[in-house]
Amino acid sequence: MDKISQNIQNVLAKIKEAAEKYKRDPATITLLNVSKTKPEQMVIAAYQAGQRHFGESYAVEASEKIENLKSQGYNDIIWHFIGPIQKNKTKLIAEHFDIVESVDRAIVAKRLNDQRPEHLGILDVLIQVNISDEEQKSGCSIDEIDSIVDEIQKCSKLRLRGFMGIGLDTEDMQLIDSEFQKLHGLFVKYKEKFKDFNILSLGMTNDLEIAIKNESTQVRIGTAIFGAREYKNK
Ligand SMILES: *Cc1c(COP(=O)(O)O)cnc(C)c1O
């Protein structure tokens, strides 16, 4: 698993390089290790390389992984849910995660709040905004943000922390850049209004640098750390 440690060093170097290029402090950019579909041993390898933030997209698979790792003593991992949320999975997510980045409907916020076990305390949430015109499965439109914010404000166990965005799947970096600029503009507006609103989750393996250019505070990296994903049933 030395390979994973090497990959992490490479990603951290890229973050640092991009931060320097765009006059940012690299300490203001969190690396989220996206371990979806990857085995527990790979999470442990990244953990041993110093990583504590992990992202998962499939509620059932992730909950098992999280429980197994906790039972082995890995209790200080911060687990981020970043996948599309089906209504019937909100309970599992509320019971296992520390932060949910993919809230895109008011009903999902309400269910996460109602199903969050009291002893786990506050659940941090980001609103996932669909910034492209492309038909994406998840993410709310810009027009829908305010009604979701209103719902989250009513939820005593949820704390609104920021926005998450996924760049277009394209080679056209200028297009991604303009989308990220749009989301950053919105982020600045909401940051002025809401206390604790300070996470802009932007950037994956292929668009990390453009995300950092656009003030991302968290990059979500899977492939560059754990290698390509294999899906059994696809
Ligand atoms: C899978 C996934 C990632 C990681 O993407 P890579 O291209 O493998 O770095 C990041 N964000 C979300 C929301 C994902 O689903």
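**Ligand site and an aromatic pair**

Good morning. I begin with Lys36, where an N or O atom of the side chain is 2.7 Å from an oxygen atom of the ligand. That is a polar contact, meaning a pair of N or O atoms within 3.5 Å. Please note that this is a predicted model, in which local features need pLDDT of at least 70 and side-chain atom pairs count only at pLDDT 80 or more, whereas totals for chains, interfaces and linings use all residues. Residues are numbered from 1 along each chain as its sequence is written, and side-chain values use heavy atoms, with hydrogens and water left out.

From Gly222, a backbone N or O atom lies at 2.9 Å from a ligand oxygen. For Thr223, a polar side-chain atom is 2.5 Å from an oxygen atom of the ligand. Alone, the ligand exposes 390 Å², and the protein buries 90% of that (Shrake-Rupley method, 1.4 Å probe).

Which residues surround the ligand? Among them are Val34, Lys36, Ser57, Ile82, Met204, Arg220 and Arg229, where near means a heavy atom within 4 Å.

I turn now to aromatic pairs. Ring centres of Phe, Tyr or Trp (its six-membered ring) must lie within 6.5 Å; planes under 30 degrees apart are stacked, over 60 edge-to-face, and the rest tilted. The count is nine aromatic pairs. One of them, Phe81 with Phe97, is edge-to-face, at 5.2 Å centre to centre and 85° between the planes. Phe81 belongs to strand β3 (residues 78–81) and Phe97 to the loop between α4 (90–96) and β4 (99–103), so this pair ties together parts 16 residues apart in sequence. Helices (H or I, at least four residues) and strands (E, at least two) are DSSP runs, numbered from the N terminus.

Methods. A polar contact is a pair of N or O atoms within 3.5 Å; within protein, one must be able to donate a hydrogen and the other to accept it, and residues adjacent in sequence count only if both atoms are side-chain atoms.
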